[in-house]
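Here's a quick briefing on a chain you'll want open in your viewer. Have a look first, then work through the notes by topic.

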Amino acid sequence: MKSFIVHSLRSSANLLIILCFIMSSVELKLRPDVIVHWENYHIRYFDTCVKETGVDPMIPRTMLRQINLPDEESFHCYLKCIFQYNHMLTPDGKDIDYDAFGADIHVTPEVLKVCRELGGTESEICRKTYLVAKCTIDDKVNSSGR
């Protein structure tokens with residue numbers, strides 16, 4: 001009986017060490033304040049946009065915390081939906097309203113210019129919102145010093 005208890009404790013301790021190692025190796029690539037601020041854009045419309053686009057709900061749930069931005073049509077259209085509900089598209093819905101998008105406190109004019117040029121040649125609005133959002137997020141990750 002004693003050896004069973006010792007073995008169980010040793011197994012539990014090993015499991016705890018493994019879990020601690022995994023948790024410590026997961027590092028946020030964006031500052032927490034940026035994540036919270038940007039998540040507030042999509043959290044209100046999460047259910048609506050998931051339903052409209054058919055995107056796997058885990059993708060938008062983890063996109064900012066894990067920097068998971070798959071180059072998939074359903075995710076592109078999810079971002080377009082988020083842009084639309086946050087009034088970041090032109091009234092006809094065919095382009096990004098860069099003034100509205102650039103009003104975000106985490107998007108500098110320099111980044112906006114670069115990302116606008118990157119998305120400028122794309123005519124399909126779902127893909128364009130993806131390219132611009134990804135460009136903005138990539139810049140924030142690269143400049144966060146993490």
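Start with helix α7: what covers its buried residues includes α6 (98-102) and α8 (125-143). Contact here means heavy atoms within 4.5 Å, and buried means under 20% relative accessible area, exposed over 50%, with partly exposed in between (1.4 Å probe, protein chains only). Bear in mind that this is a predicted model: local features need pLDDT of at least 70, side-chain atom pairs count only at pLDDT 80 or more, and totals for chains, interfaces and linings use all residues. Residues are numbered from 1 along each chain as its sequence is written, and side-chain values use heavy atoms, with hydrogens and water left out.

**The chain overall**

- You'll find eight helices and zero strands in the chain; helices (H or I, at least four residues) and strands (E, at least two) are DSSP runs, numbered from the N terminus.
- Of the 146 residues in the chain, 36% are buried.
- Take the contacts between residues at least 6 apart in sequence: 62% of them join residues at least 24 apart.
- The chain's accessible surface is about 9300 Å², and carbon and sulfur atoms account for 59% of that; the areas come from the Shrake-Rupley method with a 1.4 Å probe, and for residues only the protein chains shown count as cover.

- Val111, Leu112, Cys115 and Gly119 are the buried residues to look for in α7 (residues 109-119).
- Looking down the axis of α7, these buried residues fall within an arc of 100°, so they line one face of the helix; the arc is that of the directions from the helix axis to the C-beta atoms.
- As background, an α-helix has 3.6 residues a turn, so residues three or four places apart point the same way.
- Turned away from the buried side of α7 is a face with the exposed residues Pro109, Glu110, Lys113, Val114 and Glu117.

**The nonpolar core**

- The largest nonpolar core has 34 residues, and the ones touching the most other members are Met63, Phe75, Tyr78, Leu79, Phe83, Ile96 and Phe101. A nonpolar core is a set of buried Ala, Val, Leu, Ile, Met, Phe, Trp, Tyr and Cys residues joined through side-chain atoms within 4.5 Å.
- At least two residues of this core come from each of α2, α3 (46-53), α5 (73-85), α6, α7 and α8.
- The top contributor to this core is α8, with eight residues.
- Leave aside neighbours within four places in sequence, and leucine 79 is in contact with Met63, Thr129, Tyr130 and Ala133.

**Helix α5**

- Buried residues in α5 are Phe75, His76, Cys77, Tyr78, Leu79, Cys81, Ile82 and Phe83, and they pack against α2, α3, α4, α6 and α8.
- The 13 residues of α5 should span 18 Å at 1.5 Å a residue, and its end C-alpha atoms are 18 Å apart, which agrees; the expected span is 1.5 Å times one less than the number of residues.
- Just after α5, histidine 87 takes a positive phi of about 60°, although it is not a glycine.
- Histidine 87 sits in the loop between α5 and α6 and is exposed, with a relative accessible area of 62%.

**Helix α8**

- At its start, a side-chain oxygen of glutamate 124 reaches to within 3.2 Å of the backbone nitrogen of cysteine 126.
- Threonine 136 belongs to α8 and is buried, with a relative accessible area of 5%.
- Beyond its neighbours within four places in sequence, threonine 136 is in contact with Trp38, Phe101, Val107, Val111 and Cys115.

- Histidine 42 is in helix α2 (residues 32-43), and is buried at a relative accessible area of 4%.
- Not counting residues up to four places away in sequence, histidine 42 touches Pro60, Met63, Tyr78 and Ile82.
- Arginine 44 is in the loop between α2 and α3, and is exposed, with a relative accessible area of 55%.
- The side chain of arginine 44 makes a polar contact with the side chain of asparagine 86 (3.0 Å). A polar contact is a pair of N or O atoms within 3.5 Å; within protein, one must be able to donate a hydrogen and the other to accept it, and residues adjacent in sequence count only if both atoms are side-chain atoms.
- Isoleucine 67, in the loop between α4 (58-62) and α5, has a positive phi of about 45° without being a glycine.
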